[in-house]
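Open the model in your viewer and keep the sequence panel beside it. The stops below say what to select next and what is there.

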Amino acid sequence: MNLPKSILISGGRVIDPANGFDAVADLLILDGKISALGPTAAAKAPPRTDRFAAGGLVVCPGLIDLHTPLREPGQSAKETIATGTAAAARGGFASVVCMPNTSPAIDNAGTVALIRERAEREGTVNVFVAGAITKNIAGEELAPIGSLKQAGVIAITDDGHCVQNHELMRRALEYANMFDLPVMDHCQDYSLVTDGVMHEGYWSAALGLRGWPSCGEELIVARNILLAQLTGARVHCQHLSAAGSVQLLREARSRGVPISAEACPHHFTLTDTVLAGSDTFWSGDGQNILSPPREEWPRWPSYDTNFKMNPPLRSAADRAAIIEGLADGTIEIIGSDHAPHCNYEKEVEFDYAPFGIVGFETELALSLMQLYHSSRLSLSGLIAKFTAAPARLLRLPLKGNFSPGSDGDVTVFAPDEEWVFDAADSPGKSRNSPFSGWTLKGRAKAVIVRGGIVFAGEPAGQVAACSVAQ
Ligand SMILES: [Zn+2]
């Protein structure tokens, strides 16, 4: 990263949810920091400042994706810090939080240092590190949480796995609380889920696939609420998929329990009917998705492994509950759970394919489509879920806002631009997206990290012009 720099972003609709700002304005970044917003910004820009014309575009604090397995070290055939962060920038993200389910796991200070050093050298965007809750993410013995914190982790999680021993989880929460770290949990009760591969319901029976019941998630969400209440620690439930989980969260938050949650675009866009093939989906649950005319609908076969993720896609009622939770603030944050896998790993029978999909480049558009273009959230309300809310959870006061002195991280996007996503075009290494070929609405146009442009997409028609003058 060639940072920090100065830049004047002019004429865009600046939306800064943390400060309640939403107006056409100029934004000045000096030496990598937010310097001025509004009528004085242009006058304050020193000569030879880089300029970015953002007319017709939305300018917001650099988006944060707090749930991103980057696969390095150990699985660099799937993704690396360099390719993953390039894909993140293409999707509009200025900061990502990498998950510790690498090989070796991020369960010691040395691995944290390795990733931070590599991210600084090879990363396109900011990389924050989440450490493991337990050694080797095995769920048996606590990782050295204090030294992980000292090494710079901003949260702990065993993502991909879930600590099954409640007493051990209680101790993890107590330690995390001492170090003021949020504990992010992949909520999955192993004894209920066993080897389920899709949502347990009508379609798992019809397709003959083993079911992953909603209560396998809800039970751990309930456990986390009780332990957050007991310990006072901040618990964050990752990638909620089930209606019952949202209901539990809503009730607990109304009582002030320190618990939060995120949702992923695939869970609030798709349902389990996708596994019966595209015709079944588009003629049923797909009908209330903003989509092109019938003859242009993307097609896929039944049992397509690009629709296999953990937790699984659930029913239309679950999808509606996740959307309702996002709309009423029960779910404060959106994350991708960007999970790259090689083609050969996914090109196997459904039972044997790994869970997970890539998500960086479709995340913003799907969120805009399902939440903003469908009038469930304002643009500012949606942006908050990618900026102010994750920055608050992760204690990153200089991220996610345009307050003077904050880091000069900016995302510029065209909320109404329609485009067709092609997974083969991605700068990421993996292609496992169920959204390839979809017409999406809303697209990132530029990402600025500490004042330096790290991604500048194609201008949107005549309204956007990117001119960088040295
Ligand atoms: Zn997970």
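Helices (H or I, at least four residues) and strands (E, at least two) are DSSP runs, numbered from the N terminus. This is a predicted model, in which local features need pLDDT of at least 70, side-chain atom pairs count only at pLDDT 80 or more, and totals for chains, interfaces and linings use all residues. Residues are numbered from 1 along each chain as its sequence is written, and side-chain values use heavy atoms, with hydrogens and water left out.

**Confidence**

Colour the model by pLDDT, the predictor's confidence in each residue, from 0 to 100. The protein averages 92, and 96% of the residues score at least 70. Now select residues 459–470, where the pLDDT is below 50. Beyond near neighbours in sequence, this stretch has 23 contacts in the model; a contact means heavy atoms within 4.5 Å.

**Two loops with a positive phi**

Most residues other than glycine have a negative phi. Select Ser 375, in the loop between α14 (360–372) and α15 (379–384). Its phi is positive, about 65°, although Ser 375 is not a glycine. Is Ser 375 buried or exposed? At 65% relative accessibility, Ser 375 counts as exposed; the cut-offs are under 20% relative accessible area for buried, over 50% for exposed, and partly exposed in between (1.4 Å probe, protein chains only).

Arg 48 is not a glycine either, and has a positive phi of about 70°. Its relative accessible area is 70%, which makes Arg 48 exposed.

β1 (residues 7–16) pairs with β4 in the parallel sense over 4 bridges; two strands pair if DSSP finds at least two bridges between them. Leu 8 has Arg 51 in β4 as its bridge partner.

Then select the open sheet of 8 strands, which has parallel pairing and the order β6-β7-β8-β9-β10-β13-β14-β15. β6 (63–68) and β15 (333–334) stand at the edges with a single partner strand each, so one side of each is left without a neighbour in the sheet.

**The zinc ion**

Which residues coordinate the zinc ion? They are Asp 159 (OD), His 186 (ND1) and His 239 (NE2), at 2.0 to 2.2 Å. Asp 159 lies in the loop between β9 (155–157) and α5 (166–178) and His 239 in the loop between β13 (235–237) and α9 (243–254), so the pair ties together parts that are 80 residues apart in sequence. Donors are N, O and S atoms within 2.8 Å of the metal (3.2 Å for Na, K and Ca); water is not among the atoms, so sites may look incomplete. Both Asp 159 and His 239 are buried.

Select Asp 272, in the loop between α10 (265–269) and α11 (278–282). Leaving aside neighbours within four places in sequence, Asp 272 is in contact with residues including His 199, Trp 203 and Arg 314.

Finish at the cis peptide bonds. One joins Asn 310 and Pro 311, with omega about 0°; Pro 311 lies in the loop between α11 and α12 (316–328). Another runs from Ser 103 to Pro 104, with omega near 5°, and Pro 104 lies in the loop between β7 (93–98) and α3 (109–122).
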